[in-house]
Amino acid sequence: MELLLSSAIGMMTAAGIYLILRRRSFAVVLGTTMLSYAINLFLFSTGRLVINQPPILQDGVTSYTDPIPQALVLTAIVISFGMTAVTVMMALGAFLEGGDDRVDMPRADREPGVSRGDAGEGR
Amino acid sequence: MSPALIAALPFIGALLPGLLIRSGRDVAAMVCGTATFVALLGLCLHIPAIMAGEVITTRIDWLPQLGLNANFRIDGLGLLFGILILGIGLLIITYARFYLARHEPVGVFYTYLMLFQGAMMGIVLSDNILLLLIFWELTSLSSFLLIGYWKHLPEGRQGARMALTVTGMGGLAMIAGMLILGNIAGSYDISDILNAREAIQASPLYLPALLLILLGAFTKSAQFPFHFWLPHAMAAPTPVSAYLHSATMVKAGLFLMARLWPVLSGTPEWFYIVATTGLVTMVLGAWIGFFRDDLKSLLAFSTVSHLGLITMLLGFGTEAAAVAAVFHIINHATFKAALFMTAGIIDHEAGTRSIKRLGGLRKLMPITFLIGTIAALSMAGVPPLNGFISKEMMLEETTHAVWRGNANLVWAMATVGAIFSVGYSLRFVWQVFFGPERDDYPHKPHDPGIGLWIGPAILTALVVLIGLFPNTFAGWLVDASAGAVTGGHPHAHLALWHGLNMALKLSIVATLGGLLLLILNPRMLAIRDRVWRPDAKAMFDGVTQAALYLAYRLTDRFTNGSMARAFVAFSMTVLLCGLWAFSTGGYSGATRPMLPIHAIPLIGWVLLMIATCCMVAFHRNRLLALVLVGIIGLIVSGSFVYLSAPDLALTQISVEVVTVILLLLALNFLPKRTVLDSRDGKRGFDAFIATLTGLGFGALSYVVMRSDFALPSISGYMIENSHKLGGGDNVVNVILVDFRGYDTFGEITVLGIAALAIFALTETLLLGASGRRLRNWVYDSRRAGARHPLLMVVITRLILPISLVVGAYIFLRGHNMPGGGFVAGLIVSIALVSQYMASGFGWAQSRNRVPYHAMIGAGVLAAGVTGIGAWFAGYPFLTSTYGYVKLPGIEKFELASAMGFDLGVFLCVVGAVMLALNSLSRIARQAGETVNAEPMDINPSRIKGGR
């Protein structure tokens, strides 16, 4: 079981990173979503895998799964929705404002002259 | 008055000018003056106790785990500096009121000034070095604001930046030094450190700590080779210069050396570093100052020189030298503040402060002449003024100092410094006030109103009084503060006449030499102008330029605007760090048995793998990719169910629904297909990076899952006490709303902020270029015939009450069964969103009476109020309680205060999700999506009625 889960985590991570490395915004959004799945599963798995022992207290039951990673991941899932929503809005805004959906900063937008090192005094 | 309150009063005063900004500068000056005066009064009330040898302390535990306590103390040294800071501060506040022009933002000035004053008081009253460091940095920051107060002057901005860079860097070094010191002493409280002299001086870390601390003190007190920032800081308005460079900012370094004198001094290292630096600075400052034409610049270098003098005295490490140092701190503050204010008056009234354009002001400005001359003569060390007494004491001490076996070097150098000191003081008097009257002053000079000259006049009166009656006016303060510095009970012998001793002879030599210099001055100036001399500002600029250039080169290498490049650098760094950590960590193989693989998880795994591969392969077809996201999310929720995490499964599946709806809405306004614009090589490289990272992450999770916990987990506590303390059986929910409620509180706040950010982004998108683009939007895909079909409208309406009841049920049972505020919020959001989707925006929105922003706010508020409620019961924030209630008709049930918190979570989630989706639909409406008032496009009842 551990092998299945860890290979799935690795696979989703790889897919997420590959998509994030694309140049178009929607692919990046998909990539972050995939990466959130992988990371949430990883966080969850740090409590070690346990089957049929949910952390709901019952009379006569003594062993439960680790509840802390679950609590962490629960909020992480909701937060990652918020993050996806903000990223989507930014992608949308960049597309509507700039006319294309590239994620890289256009050369013209970079601060001119900075890389030549003539910043500093008096600027 | 409590020392903590004395330190806090200037900060309170700093708030007032901002609040009273409309009342004018008189009121601003008045309130700041009042705050300062009250603090000074509070301080002076402690004088009898301190004279009796007591130390007044306040102890407030702040972060005791870190050793950071807000402890304050007033001893002799703190008293001396406190009187200087508050007393001269009071005079400066008065002076600035008349100095600054009507159109200048006086409120801002006073706020900065009071901030600075508070920071200085904090330094001198702190009894904890970590607290002291905070105030230390605060003086750097507030002096930056003060020096750059005239924002329109480039010199002001550059001078402020230079001061901040130099003193800030010194401050950083000092933090390290103080931490070492505290570590050796085992406590960060100054009282404890002062008792640990043997341990500190025996420690091998003594020298590094000393060097780092001295770096901080020397940069602050403008000691060579860091002296160059001080003259450039003269671009500040004169009240600032007078305050910062006579009594406060630059004296902070001296204060620190005096404060730590008992534990750091007395070693050869201390003597050679501190005394030598002081001596060099004293001579160098006097030499440069002698050639300066700008009055403020002359005074600045003279300050550097006098600071060097005091540093040297502290460096000698003897009790008598410490007494002389403390006495000279008082004297220097009085005559130098008076001189700066005099220079300001001359600048203000004559329109220039260049010696070359002045002269003959004796008759035109008699009051200023009197004040300036007395103060300058005190600076020169002429009897019977106070500067004379402390200079004599200094010269006396130098005759006892032996530098590397040479008994004559120190006093000879000090005499050279004193000669130049007399030289520039006489220059100040002679070339400004004497000589013929000129007719080309920029303004017609005349004495100012009393507001400007009263401050320097009071100080000059002190100069004379301390000179004539040193024991009455200063002796007690010198005794008390020198006692605090040395830890003994020194008795200062302050007198004008000590007999015809070596010091007096040196003093006479210095005065005669100074007179000679005054006569030779024009010729010396001419010679000096022809000789090359180093320009500190050019060097400083060169170094900062080089650092900037390097920084840009380095950052440009990683971030050149390409997100992929930055991300590759990041993931490779993480991977390499992980590999390094793993290879050095001593992993000894798997310790947990593997769980057996059953058929259903295997099927899920195969599906997940296929879906992920498809996602990578077909991600450019965006709609298909969205379907695949849904599938993957579904399998992830399934795995949560299988692996004993029902809460996670519920949350994941409902988040999945809203995510897909969100992405669908967004996709409406994005290209339907992703353009392929990366080359094969680039994609191959990306795939390689992705595979490496994926392998690394997968391997890491495998290793983690197969290993036992390295340390005992705290989960046992949570499970054990979930029912007992939290009153709930669902441990995950109890952790969320009770044990770790503070985290959850933060998280719902973040979620709310994210939703509001989306709302704000939408607002801007509706305007400008993107707004125009949206108004001219042409839909490129074929529209559905009936957007709001009858069947869907009817079904969603039937479902709504059911889903709301389910939501309420999930919410209520959350404390004991899977569920809770997060899940319930998501379920209710989905029910509401489906109304919008089925019946159309216009119809649904007209039935919504609570704005979603308000819902987010109410949620955060409800959670916060529940948390605060615990205070009234005398418990810490967010402590929950529960009880059982029996109502007639239904079974006994539990009521927990955590439910109020969970209600906040619920409201916040609903508000955030709805606001995010609503914002996206606003974009659609801007793009010309028709808004329907009727719920159905084809409504049978209407058709029938029409016929």
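The questions below concern helices, cores and salt bridges in a predicted model.

Q: Why is Lys356(B) called exposed?
A: The relative accessibility of Lys356(B) is 58%, and exposed means over 50%, so Lys356(B) counts as exposed.

Q: What makes Asp293(B) buried or exposed?
A: Asp293(B) has 17% relative accessibility. The cut-off for buried is under 20%, therefore Asp293(B) counts as buried.

Q: How do you know that Lys356(B) forms a salt bridge with Asp293(B)?
A: The closest N and O atoms of Lys356(B) and Asp293(B) are 3.0 Å apart. A salt bridge needs a side-chain nitrogen of Lys or Arg within 4 Å of a carboxyl oxygen of Asp or Glu, so the pair qualifies. The pair links distant parts of the chain, 63 residues apart: Lys356(B) is in the loop between H17 and H18 of chain B, and Asp293(B) is in the loop between H15 and H16.

Q: What makes Asp100(A) and Arg102(A) a salt bridge?
A: Their closest N and O atoms are 3.2 Å apart, and the limit is 4 Å, so the pair counts as a salt bridge.

Q: Why are Asp100(A) and Arg102(A) called partly exposed?
A: Asp100(A) has a relative accessible area of 31%, and Arg102(A) has 45% relative accessibility.

Q: Why is Asp347(B), the salt-bridge partner of Arg353(B), called buried?
A: Asp347(B) has a relative accessible area of 17%, and buried means under 20%, so Asp347(B) is buried. The closest N and O atoms of Arg353(B) and Asp347(B) are 3.3 Å apart.

Q: What joins Arg22(A), Lys682(B) and Asp686(B) into one network?
A: Salt bridges that share partners join Arg22(A), Lys682(B) and Asp686(B). The whole structure has 19 salt bridges over all chains.

Q: How do you know that the span of helix H35 of chain B agrees with its number of residues?
A: At 1.5 Å a residue, the 24 residues of H35 (790-813) should span 34 Å, and the end C-alpha atoms are 35 Å apart, which agrees. H35(B) does have a kink of about 35° at Leu800(B), shortly before Pro801(B). Buried residues of H35(B) include Val793(B) and Phe811(B), and what covers the buried residues includes helices H36 and H39 of chain B.

Q: Which residues touch the most other members of the largest nonpolar core?
A: Tyr110(B), Met178(B) and Trp229(B) do, among 193 residues. The largest share of this core, 20 residues, comes from helix H17 of chain B.

Key
Residues are numbered from 1 along each chain as its sequence is written. Chains are lettered from A and ligands numbered from 1 in the order in which they are written. This is a predicted model: local features need pLDDT of at least 70, side-chain atom pairs count only at pLDDT 80 or more; totals for chains, interfaces and linings use all residues. Side-chain values use heavy atoms; hydrogens and water are left out. Helices (H or I, at least four residues) and strands (E, at least two) are DSSP runs, numbered from the N terminus. The expected span of a helix is 1.5 Å times one less than its number of residues. The bend at a residue is the angle between axes fitted to the seven residues ending there and the seven starting there. Buried means under 20% relative accessible area, exposed over 50%, partly exposed in between (1.4 Å probe, protein chains only). Contact means heavy atoms within 4.5 Å. A nonpolar core is a set of buried Ala, Val, Leu, Ile, Met, Phe, Trp, Tyr and Cys residues joined through side-chain atoms within 4.5 Å.
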